[in-house]
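Here are a few quick notes to read alongside the structure. Have a look at the view below, then go through the points in order.

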Amino acid sequence: MREAILGKIRYAAGRDVEAARDHDWYLATALAVRDRIVDIWLDSIRRTTADQKQVAYFSLEFLIGRLLGDALSNLDLVGEVRDALAGLGVDYERVKFAEADAALGNGGLGRLAACFMESMASLDLPAYGYGIRYDYGLFRQVLTDGWQHEIPEDWLSFGNPWEFERPNIAYPIHFGGSVEMQGQPGGLIRHAWHHGETVMAVAFDTPVVGWRGKRVNTLRLWSARSVDPLKLEAFNHGDYVGAMAERANVEAISRVLYPSDATPAGQELRLRQEYFFTSASLQDLLRRHLERHPDLTNLADRAAIQLNDTHPAIAVAELMRLLVDERGLAWDEAWRITTGTLNYTNHTLLPEALESWPTGLMERLLPRHMQIIYLINWLHLEKLAEDRPLTDDLIKRVSLIDEDSGRRVRMGHLAFLGSHRVNGVSALHTDLMRETVFRDLHALYPDRICNKTNGITFRRWLHQANPGLTELLVEAVGPAVLDDPGALSAFQRLADDAGYRERLQAVRRRNKLALAREIKERLAIDVDPDAMFDVQIKRIHEYKRQLLNLIETAALYEAIKLEPELDWAPRVKIFAGKAASSYHQAKLIIKFAYDLAQKVNNDPAMKGRLAVAFMPNYNVSLAELIIPAADLSEQISTAGMEASGTGNMKLALNGALTVGTLDGANVEIRERVGPDNIAIFGLTAPEVAERRADAHHGRNAIANSPRLASVLYAMRGGAFSPDERSRYAGLVQGLSDHDTFMVTDDFDSYWDAQRGLDRLWAEPRSWWRQSAVNTARIGWFSSDRTIRDYAEEIWRVPVA
């Protein structure tokens, strides 16, 4: 290994050893390790036979994080590489942290896709992941005086040693133009799409290493390239900008994840992105199938496509177009293949996240697909009319076209109709899908919806993120915990062992010291590692209720000021997460976190009692630092609004106690760890629906809670924003007038739950026993279990 790294330093990095810097050593190490990966990768491809069914996972996000540590851990090469670098006088930890986080995702959706890809490889299941190779990802979050600003996340500036560009694997992606109907022999009609614009999708492949190197699968990401990158005639006439304009327009497709859709141009770019990667992926899948089979009639028997949310839902129309227009299949046969191959995962019940596109935009950008969608809709409604009388109201609810919102295509409905199975991602979420967003379609197709509760890869979120805890678990219950998440259950018998509880606490304290150093370095805030680290790390959104946490923190601050003689449990409130660039309310919540931190951290009376830290630019690497150090996990979304959550699983796995609502996977975590080992508060999903029917519920909740009223009065009056006293007046007024997310209604229950946790913290024996029980009982939430469920019940793929 040492010789391989030296060779890469010289011949790949072009450096002498004496001149090499940390990034040079990272590049050389990654390339040396990659050579070993490629051997397994090619072997995995060779031993995948034509008769094996393969999975294609379509996702707009893959939040894979840093890959060096992931690959070394899964190949059991950490010690070998550490020793090799040490023999060269190089620190492995510095080399590992020289790698940039891959900016290919944003939150839970993308991280789930990354966990699933790793689990599929670990279970020796042949699979391709398909997405977009973003040049700049979502954005790098910078806080200026507490306000979020977005700058490009230039993660590719030093190159990416893990990827292989495949210029020979490129597909034309068409937009615009018109459709001509052409008569054919036998009275058939062929639709010829005379497209107005063509973009090339070029493949970049990244190997995904499974546990113990069992299999290496492929993550294939598409980069947009112009057919004509330079208008040379215009350039030679001095129009240098105009000569590059087409290229800039085309390459914008793969520049940024989730460009703002606040403008018509932004909406169009999002649709172009979704169609771009979906079409390229389908073309690639069909090509690979036809290399092994004579035709496409058995596609559903040899391929299973999973659509990760509605972003790739256009696959229904695109696969029909490819089969009917390009391959000449009859409509009914093409529909049989399409609905046998595609499957759809729904991740949200929020209306704004269930995508819909204006029909005018679709007709202009994808005219042939709009024709296909209209025909699918007509046939769908005709079939329904054969079995039952159709009322105008039923047609309105089940149609693919939403006539009430300016004529829009319902992409969730399209994905539902075009899929073999539709799944939710937690038991509660799946039940709510059946009762709400897909209620009418579920009544028509009662066997289509199923549940597949999310999971996480323990290799990343325990073995790599928390080596101290992993070592303790291996010593306590044996090495089986490295291969079988279910083996964690044996750790519970040691929850009452004082010696193991003390060692568990010592491991956590080391992790907290590491996080405290990072907080000091980034924010110049001193935090006490012996305080409770109370953590809420996730995308900033009103339904995730960071605001509830912050208001409770402000109330706690007021309470400590009023009664300093009480024995308050010391807390460090840690927040991290990004707000969408056009989401003003979420950005205001971040600003409030900053202002509250300024107030609390600069008050001498809070020293050793309360501190607040908002850590900017949340990503996988920061999560790997925070999660092992967390004592308390905040999973406090409005009941009925979080599909599942996976941060709740990662934190519980690492021994954090959960305070949360009965929402998403919290319900199943409670079932697994036991109601005595989780702090549940707040309204249930049915109670939320009932409370919303009362237009005055927010005002009533405030009137009935003196503590809440006091904090909101202080916020409105500028107590936390002396430089702009009215800054939070609108926020407070909104809670009174239209508290959609039940912040006010759940406040008192949340306060009581937190004070109960204060009392528990004061009893270390009970706290650390519950921590051990959480780790021991969380094994069911492994993504290996989730993938087995998908394979057996949706994809119909055998898993060893």
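1. Let's start with Leu-85, which sits in helix H4, spanning residues 78-86. Keep in mind that this is a predicted model.

2. Is Leu-85 buried or exposed? Its relative accessibility is 0%, and anything under 20% counts as buried, so Leu-85 is buried.

3. Which residues does Leu-85 touch, once neighbours within four places in sequence are set aside? The contacts are Ile-5, Trp-25, Thr-29, Val-90, Tyr-92 and Val-95. Take Thr-29 from that list: Thr-29 and Leu-85 are 56 residues apart along the chain, yet their C-alpha atoms are separated by 8.7 Å.

4. Next up is His-369, which belongs to helix H14, residues 367-387. With a relative accessible area of 0%, His-369 is buried. Leaving out residues up to four places away in sequence, His-369 is in contact with Trp-193, Tyr-275, Ile-314, Ala-317, Glu-318 and Arg-321.

5. Now for the sheet. Three strands make up an open sheet in the order E12-E14-E13, and the pairing is antiparallel. Why does one side of E12 and of E13 lack a neighbour in the sheet? Strands E12 (356-358) and E13 (401-402) are at the edges and each has a single partner strand, so one side of each has no neighbour there.

6. Finally, a closer look at how E12 pairs with E14. Strand E14 covers residues 408-410, runs antiparallel to E12 and is joined to E12 by three bridges. If you want a place to check this by eye, find Ser-356, which stands opposite Arg-410 in E14.

How values were computed. Residues numbered from 1 in each chain as written. Predicted model: local features only at pLDDT ≥ 70, side-chain atom pairs only at ≥ 80, totals over all residues. Heavy atoms only, no water. Helix = DSSP H or I, 4+ residues; strand = E, 2+ residues; numbered from the N terminus. Buried < 20%, exposed > 50% of the residue type's maximum accessible area, 1.4 Å probe, protein only. Contact = heavy atoms within 4.5 Å. Pairing = 2+ DSSP bridges.
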